[in-house]
Amino acid sequence: MRRLSQRKALTLVRELDAFPKVSESHVETSASGGTVSLIAFGAMALLAFFEFFVYRDTWMKYEYEVDKDYSSKLRINIDITAAMKCQHVGADILDLAETMITSNGLQYEPVIFDLTPQQRMWQRTLLLIQNRLREEHALQEVLYKSLLKGGPTALPPREYASIEPLNACRVHGHVYVNKVAGNLHVTVGKPIHHPQGHAHIAAFVSHDTYNFSHRIDHLSFGEEIPGIINPLDGTEKITYNHNQMFQYFITVVPTRLNTYKISADTHQFSVTERERVINHATGSHGVSGIFIKYDTSSLMVTVSEQHMPLWQFLVRLCGIIGGIFSTTGMLHGLVGLFFDVICCRLKLGVYRREEVQLHNEMNNLNNHQTPLLAEAVLQE
């Protein structure tokens with residue numbers, strides 16, 4: 001009974017076979033079929049090779065949420081060179097909470113404003129990258145994925161000591177401010193703070209020494225990350241007017257970066273530039289200097305590096321193999337049918353001649369077989 005039940009089970013399994021086997025004696029091979037098979041196998045191997053590179057690649061996923069961290073401090077990293085001597089300029093920050101952040105975290109370093117050929121080449125390369133980033137936003141993802149790989153983005157030092165006079169002041173360092181709108185400015189005179197506000201002592205500075213031609217080598221918000229290029233890095237403004245005001249309006253967006261190489265909390269920002277000449281007679285009021293007005297966004301962006309899972313790679317690979325196999329089989333059948341039509345094998349005249357020839361052969365066979373049957377009957 002057990003063997004009988006096993007045989008019935010095997011019979012049932014064989015009836016459910018969705019892949020019936022064809023005897024090799026009933027299979028006919030052809031040169032065209034072999035050629036199509038070679039092409040199909042080559043296409044499968046090529047697409048599978050490219051699909052493997054797609055599997056190895058990663059992409060950036062952007063998620064947006066409300067920034068709930070409003071009590072922490074915002075770090076501002078500054079490296080600005082103004083074409084004035086350090087004793088004539090001062091830098092400070094004043095936010096909407098009327099909190100004045102003095103330049104205690106900033107350093108004033110006398111330097112030469114003109115760049116060396118090597119530094120000028122670095123600046124041109126940086127500006128070229130900036131222009132490409134404005135045109136191709138996808139390049140930012142390349143920078144995210146290549147963190148810690150590229151070269152430094154800071155201005156290289158001078159190769160040799162120069163005998164030229166130190167006619168400029170480099171203001172660099174970092175300060176921590178409240179996460180509210182504020183104004184970072186570099187203007188004439190050292191800043192002082194008093195109950196009615198704040199001011200810069202500019203009475204002892206000659207008006208002829210005013211020159212706010214400047215270069216922003218680096219300006220970023222949050223944690224400094226190597227390899228990231230910010231929108232104002234490498235910006236240079238030259239003016240020949242003593243009463244020039246430069247304004248930068250910045251919107252800072254908190255950004256959480258999670259890649260396979262680094263995890264950090266940083267900030268992206270967009271900027272709008274404006275410059276004008278101070279002329280009180282024409283109604284253009286203000287103070288000569290460099291003013292960077294910033295405001296923080298209420299949204300936070302989370303940038304995370306994603307990778308294709310293994311199961312999805314296998315599914316796509318099976319789809320490639322099955323799709324090419326089915327498509328090439330259909331194309332081979334259609335091409336064969338097309339050649340049959342071209343070679344006139346489907347014309348009625350061809351088949352009529354074959355039918356007539358077959359009918360004649362059958363008649364001859366019957367004529368030869370009839371006497372044989374009659375002799376066999378007589379012998380019986």
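Predicted model: local features only at pLDDT ≥ 70, side-chain atom pairs only at ≥ 80, totals over all residues.

Trainee: Strand 14: why is it largely enclosed?
Mentor: Strand 14 (residues 289-296) has six of its eight residues buried, so the rest of the structure largely encloses it. Buried means under 20% relative accessible area with a 1.4 Å probe, protein chains only. Strands are DSSP runs of E, at least two residues; helices are runs of H or I, at least four; both are numbered from the N terminus.

Trainee: How does strand 7 run against strand 14?
Mentor: Antiparallel, with six bridges. Pairing takes at least two DSSP bridges. His 185 stands opposite Phe 291.

Trainee: And strand 12, parallel or antiparallel to strand 14?
Mentor: Parallel, over eight bridges. Ile 250 has Tyr 294 as its bridge partner there.

Trainee: New topic. What does the Asn 178 side chain contact?
Mentor: Lys 73, through a polar contact of 2.4 Å. That term means an N or O pair within 3.5 Å, one able to donate a hydrogen and the other to accept it; residues adjacent in sequence count only if both atoms are side-chain atoms. Asn 178 lies in strand 6.

Trainee: Which residues does UniProt list as "transmembrane region"?
Mentor: The unreviewed entry lists 35-55 and 313-339. Such annotations may be inferred rather than shown by experiment. In the model, residues 35-55 are 100% helix, with end C-alpha atoms 30 Å apart. Residues 313-339 are also 100% helix, with ends 39 Å apart, C-alpha to C-alpha.

Definitions and conventions. Residues numbered from 1 in each chain as written. Heavy atoms only, no water. Buried < 20%, exposed > 50% of the residue type's maximum accessible area, 1.4 Å probe, protein only.
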